[in-house]
Amino acid sequence: MLHYANPQHFLSLARRLTPWLLGAALLLLAVGVYLALFVAPPDYQQGEASRIMYVHVPAAWMSMFVYGCMAAASVAAFVFKHPLGDVAAKAAAPAGAVFTALALVTGMLWGKPMWGAWWVWDARLTSVLILFFLYIAYIALWDAIEEPARAARMARILCLVGAVNIPIIHFSVDWWNTLHQGSTVFRMDGPKMPVSMLTPLLIMAIAYTVLFAGLLLVRMRTEILARRLRTLRLNLEGAPA
Amino acid sequence: MRAFAALLRRDIVLSFRSGGGAGLGAGFFVLIIVLAPLGLGPEQSLLQSAAPGLIWIAALLATLLGLERVIEPDLQDGTLDLLRLSSLPLELVVLAKVVAHWLTNGLVICLLAPLVAPILFLKPQALWVLALSLLLGTPGLSFIGTAGAALSAGVRRGGMLLALIVLPLNIPALIFGASAVSAIQRGGDPTQALLLLAALSLIAAVIASLAGAAALRLNED
Amino acid sequence: MRVAAENVGCVRGDRLVFRGLNFDVESGQALLLTGPNGSGKTTLLRVIAGLLAATIGRLRFLNDDRSALSDEAHDQALHFVSHGDAVRSALSVKETLRFHADVLGAEGARVAGAMKEWGIDRLNDQPGALLSAGQRRRVSLARLSLQLRPLWLLDEPLVALDRNARARLHDCCAQHRARGGLIVAASHEPFLEDAKMLDLGSHA
């Protein structure tokens, strides 16, 4: 493991792994989508519209999972002072934001036939929306600070503050929701789901995760190389003529 | 402790003397509340039910106003270097900044809110809950805000970034604060919301002191 | 006290600012940092002040008995006069220096003396907004007189100073060294007598 903490070793490993990961992700997505659209039965209550679930639910999972990865990477960067931690967290953020946006959009698409409205202040959707804001703030902080090393240190702190706050936000939104709505309009019965529905859901979740891993490696490589380029250019400019 | 008191005193004096301080936040707070009926219409029942949320949103935005001046000028003019080299731990530097910001901003809002709330027809029995909820909640807003100010200090477009960082983190305070006031207005019990609000401010104090001090320490290193 | 650098180098924002710096300054001595703009004079002063970490190499701070200073003792042993003059436009000169004295842990009674020494006693209640650049500079140099501390770090102290103030600074530095103090200063002008020189331009 320590071996790959060296950026050079990491780069070569990432280069070799990326095509496999992206290929596997495509394959899994194809299988998952096929099972979801053609094999899984339509929900007896919601009909065909329930198939949005296979896109929506894994995206919602990923929105949390990616933030968890970012927090773990930030902790690693704090504790071991290793630049790869910052690079990983930075590279993961846009992917996380996209998964979160996907969860929101598919949630809205699902909401239209379910609730008859594009947006309902459902606890889960609201939490995901706030999570999206946290992603945006994190990305904006990276973007606003010109010097990468300083941006990395500030972003670490923000990421961890966000990580501590996410459970609090979830709790407060749930609390607020039960206060105002009484009962939840829609509840997904996870364990009671038939295997024919659960299988495509799990395959899609794995596909998303593998896709995320592949994209993460691509973005980390780009980030490392971009930083090197920047260093080279700066030192070239800074060198006495 | 002498350095702590000196910093606290100086920040309070500065916020009273220079723009962007005490009066501005209070004025902004009152202005939003006065604007609400103009936007929503003068209907009493509508304003009455919207009042808790409106007042809390106004407090949230008014708190945001002075934050840009909490850390940024000290970073620019070298005062932060002096503070980092002093014997005062940076956690206490953050605390002094938070207390100064709260005294000149949050506390003023707490005192003003019961006076302007009748504009929105807030029920009289809800006034003390409103004041109490703000008293419990605004310190948390100052803590989170100051940590955000430390994170965004020295950044171009810092004010925008500050709002982006701070507002989502303050959503729980908004929820519990507005709920407490709504509850008493509708004849319910505000105790639970108020307790949660107090807990929130305590958590914010711990997180923000650590994060703010880390941000000041690592801003340049 | 003694400050010694061994092979110190610093990378800022992915740019190598300087490397391979070696120097040794003891009580009574002064080190003058020279070099073109951007050669890292300010960076080095901030590293010595402990505000920035050196990327490589080692800085040692030793007591007179050759024991190393703790981090806390290090912070208490130095005055840092940087480009930022820490003068806020809404505070009067006296208020500013009182605040500085409190932060430094200096006796409040010394404020009046320091103001007199730097020729700003007539500006007592003048708000920072009305001070000229040279006057602001004097206010931040007056910090040096608030408390006796062995190590002075001065970043371009002559900027904006008139002839009187330059003479004042010159005398102060000489006095400080006679007391056994150390000075590390960045300047384009050789204002310190028989100071060691360090040209940062040649260490990129």
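Q: How many residue pairs are in polar contact between chain A and chain B?
A: This is a predicted model, where local features need pLDDT of at least 70, side-chain atom pairs count only at pLDDT 80 or more, and totals for chains, interfaces and linings use all residues. Residues are numbered from 1 along each chain as written, chains are lettered from A and ligands numbered from 1 in written order, and side-chain values use heavy atoms, leaving out hydrogens and water. A polar contact is a pair of N or O atoms within 3.5 Å; within protein, one must be able to donate a hydrogen and the other to accept it, and residues adjacent in sequence count only if both atoms are side-chain atoms. With both residues at pLDDT 80 or more, the count between chain A and chain B is five.

Q: Which element gives the largest share of the side of chain A that touches chain B?
A: Helices here are DSSP runs (H or I, at least four residues), numbered from the N terminus. Two elements give two or more residues to that side of chain A: α4 (123-144) and α5 (148-181). The largest share, 17 residues, comes from α5(A).

Q: Which strands stand at the edges of the sheet in chain C?
A: Strands are DSSP runs too (E, at least two residues), and two of them pair if DSSP finds at least two bridges between them. Five strands form this open, parallel sheet in the order β5-β6-β7-β3-β8. Each edge strand has a single partner, so one side of it is left without a neighbour in the sheet; these are β5 (78-81) and β8 (196-199) of chain C.

Q: Which residue in β7(C) stands opposite C:Ala30?
A: Strand β3 (residues 30-34) runs parallel to β7 (residues 182-186) in chain C, and four bridges join them. Opposite C:Ala30 stands C:Ile183.
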